[in-house]
Amino acid sequence: MKKPAPALPDWPYPRWVAHRGAGKLVPENTLAAFREGARYGYRMFECDAKLSADGVVFLLHDDTLDRTTDGQGIAGEQPWSSLSRRDAGGWHSRQFAGESLPTLEAVARFCRANACLLNIEIKPTPGLEEETGQVVALEAARLWADANVLPLLTSFQPQSLAGAKAAAPHLPRGLLLETLWDGWLGHAQSLGCVAIVCDEVLWGAGTMAAVHGAGLRALAYTVNEPREAVRLWALDIDGLITDRVDLFAPD
């Protein structure tokens, strides 16, 4: 007799998620980006979180400051006193010159004040994978201690998810994948993940059946084309992460 598939976990998150907080229209991973996404009606945002040299959790995608600020060098090797003075908006357009790198605490205040949810991608400086997972999870647990819906923690780095699990096991976790490496599903299960978040091109009927059959939710990044969104909804995906907050109406 065929064993029934495990029930899917409760999923309190909306189907559409704004990538880096509407981070194409405005500077990514800034409060301006979150405000823009909210202006378009988005109720959930994805962001990238890492540690300063003195342990402050702040938002930045890259290892270095060069692409999205007026600073240079590895961000995680610099103290927050220096990082907090960086211009994180002028690279995008003159309109946003002077926009600062936000702390996770500042983002939490915005999200909670505006009834928005958050997907925090743990983005460690190389060599600090487990520590970053631990500190980000502890900070998220503190900032959302009395929240009805907790943030979803995700990472490409299994060590970061292991650190998050050890520090705050009650926070939901998801494994990010850009390839389907050997043992990915079993590894996600061993980390207590509730979701798999794949590059959009990796999702097909077989992958979806495997993930849902294991009792995990399925999300895709970064979905910017209507035809691809239609394909993924037809596969019964649980959520899409997009840059195009101006194209897709959230529901």
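Predicted model: local features only at pLDDT ≥ 70, side-chain atom pairs only at ≥ 80, totals over all residues.
Biologist: Let's start with strand β8. Is it mostly covered or exposed, and how many of its residues are buried?

Modeller: Mostly covered: β8 spans residues 217-221, and five of its five residues are buried.

Biologist: How do I work out which residues sit on which side of β8?

Modeller: The general idea is that side chains in a regular strand alternate between the two faces of the sheet. In β8, Arg217, Leu219 and Tyr221 are on one side, with Ala218 and Ala220 on the other. Both of those faces are covered.

Biologist: Which strand do five bridges join to β8?

Modeller: That's β7, residues 195-199, and the two run parallel. As an example, Ile196 has Ala218 in β8 as its bridge partner.

Biologist: Now the largest pocket. How much space lies in it?

Modeller: To see where empty space is left, you roll a probe the size of a water molecule over the atoms. In this model, the largest pocket holds about 170 Å³. It has 16 lining residues, and those closest to its centre are His19, Glu46, Glu121, Phe156 and Tyr221. The elements giving two or more residues to the lining are β2 (44-51) and β4 (117-122).

Biologist: What classes of residue make up that lining?

Modeller: Five are nonpolar, five polar and six charged.

Key
Residues numbered from 1 in each chain as written. Heavy atoms only, no water. 1 Å grid on protein atoms, 1.4 Å probe; cavity = no way out; pocket = protein on both sides within 12 Å on 5 of 7 lines; lining within 4 Å. Points joined across faces, edges and corners; volume = space filled by probe spheres on them. Helix = DSSP H or I, 4+ residues; strand = E, 2+ residues; numbered from the N terminus. Nonpolar A, V, L, I, M, F, W, Y, C, P; charged D, E, K, R; others polar. Buried < 20%, exposed > 50% of the residue type's maximum accessible area, 1.4 Å probe, protein only. Pairing = 2+ DSSP bridges.
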